[in-house]
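Let's take a walk through this structure together, starting with the whole chain and then settling on one region. Please have the sequence and the 3D view open as you read.

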Amino acid sequence: MNYSTLKKTVALSFASLMVVGMANAQTDSTKTTTTTMSSETSTAKVFGGIGQYNTFSIGVSAGITDGLVPFTINTTNKFKADLGYGVYLRQQLSHTFSLQLDYLGGKVHGIDKDGTEKFGYTEYKTSFNSAALSGVFNIASVSFLHRKNSVNFYGSAGLGLDMYKVKENTPVGGSPVTNPWGDKTIKELFAPVGAGVKFRLSDALALNLGYTISFVQGYNFGAIHTYPQFSHYSYTYGGLEYTFGPKTKQNLTWVNPVAQMYDELYDAALRQEVEALKGRVTNVETAVNDLKKDSDGDGVADQFDKCPGTAAGSVVDGSGCVIVFPKPDSTLAGGKVVGTAYSNIQFEFDSSVLRTSSYPVLDATSADLRASGAKVEVDGFASSEGTAAHNLSLSKDRANSVKTYLVNSGVDAKKVKIKGYGETMPIADNSTEEGRVLNRRVQFKK
């Protein structure tokens, strides 16, 4: 098969694929959009995994190649079109990125129309075959705000191997010469960089239009010895792409993630889960309200109130029971209340603060100690609520409070010794509040 016959064959094949694609697109457009959307959005999930989509595609392309490339130093300055053709296999890995394995072949024909080419050549002819792996990025879509994308703009970049033969070169002022490399195929790395637009003909079929520049990492592609200028050529193409997979799955290329996320918010299973969560929250709120309920208003929740129904205004302890305070140990002398020295000093629950009712006893004790110069031991105690370590610390604090009062009233600090016994050595039953009140004390030992 000669080169002209190959051109006709590729062109006819490309035209046939275009007709088939348009026919499929027309057939697809007759389907009810609502039905398609409902079937697709009922299965695809944003976080459902890539397995729910069709992601593998195969594509063919045909177009024109040329040695002229914008914004570079070219080995040719006259446009001369030749046939290029390609095939590729692509996998869409996400909404915006895919990997593509490309094959591209054809010829490049370059001409210097003025005959002043800086590298010493006015014309060249090169045939090539190349393979590359590229990353393809979906840059934007003109229909992104629609439920399904139909036009995507993309860019690509990759790396591969270019295998070419320079068939002929024409030096300035000379006749065409055959390639000094002979029939040897030159193999060099190259980097294809391109951009294009993809049109959705159906969910499985798409039309691609694009432009790719191949940067060959060598100096012999377009003219012999172009050092230090790397060789390059362009490929302007159109092609069809077919995505494999069952019709029950969406083509990931055309999925609109915004619309998909919107649909997932209205998914029946998700709605049921949200309603179930609301029910659990309601149950927790009800349980918390039950814990906070205080029927008798004494400040202790019913769940922990051991003495429900206490009268309003009653002073209660942590279990909701009324605190019975002991009467001050005092006698009446000269119309004044005078405390009895060395009587026990009582304290409130979990407190080491002296009560004003204890001042008469403390004043009498202080007066006796100052007058006699005697020594005294101040012993602190606690009831059995709380841990033993806490009660031991609390009993020492109570004894220190009494010593501080006595020293501030004039008693020699060296004559007052303190000890803490915690909840040990109770003088009353710790199982009743009346007994616990008596055990919260400081007592004197002479």
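Among contacts in the protein chain with a separation of 6 or more, what percentage comes from residues 24 or more positions apart? Such residues account for 65% of those contacts. Keep in mind that this is a predicted model.

Let's stay with the whole chain for a moment. The protein chain has seven helices and 17 strands. Of its 446 residues, 40% are buried. The accessible surface of the chain comes to about 23900 Å², and carbon and sulfur atoms hold 61% of that surface.

How far can you trust the coordinates? The mean pLDDT of the protein chain is 80, with 76% of its residues reaching 70 or more. Over residues 1-42, though, pLDDT stays under 50, and the model gives this stretch 34 contacts beyond four places in sequence. Residues 328-337 also have a pLDDT below 50, with 14 contacts in the model beyond near neighbours in sequence. Where pLDDT is low, the predicted coordinates should not be read in detail.

Now for a closer look at helix 6. This helix covers residues 388-408, 21 residues in total. From its first C-alpha to its last it reaches 30 Å, close to the 30 Å expected at 1.5 Å a residue. Which of its residues are buried? They are Asn391, Leu394, Ser395, Arg398, Ala399, Ser401, Val402 and Leu406. Seen down the axis of helix 6, the buried residues fall within an arc of 145°, so they line one face of the helix. On the other side of helix 6 you will find Ala389 and Asn408, which are exposed. After the helix comes Gly410, whose phi is positive, near 115°.

What do the buried residues of helix 6 pack against? Their partners are helix 5 (359-372) together with strand 14 (345-346), strand 15 (376-380), strand 16 (416-420) and strand 17 (441-445).

Notes
Residues are numbered from 1 along each chain as its sequence is written. This is a predicted model: local features need pLDDT of at least 70, side-chain atom pairs count only at pLDDT 80 or more; totals for chains, interfaces and linings use all residues. Side-chain values use heavy atoms; hydrogens and water are left out. Helices (H or I, at least four residues) and strands (E, at least two) are DSSP runs, numbered from the N terminus. The expected span of a helix is 1.5 Å times one less than its number of residues. Buried means under 20% relative accessible area, exposed over 50%, partly exposed in between (1.4 Å probe, protein chains only). The arc is that of the directions from the helix axis to the C-beta atoms. Contact means heavy atoms within 4.5 Å. pLDDT is the predictor's confidence in each residue, from 0 to 100. Accessible areas come from the Shrake-Rupley method with a 1.4 Å probe; for residues, only the protein chains shown count as cover.
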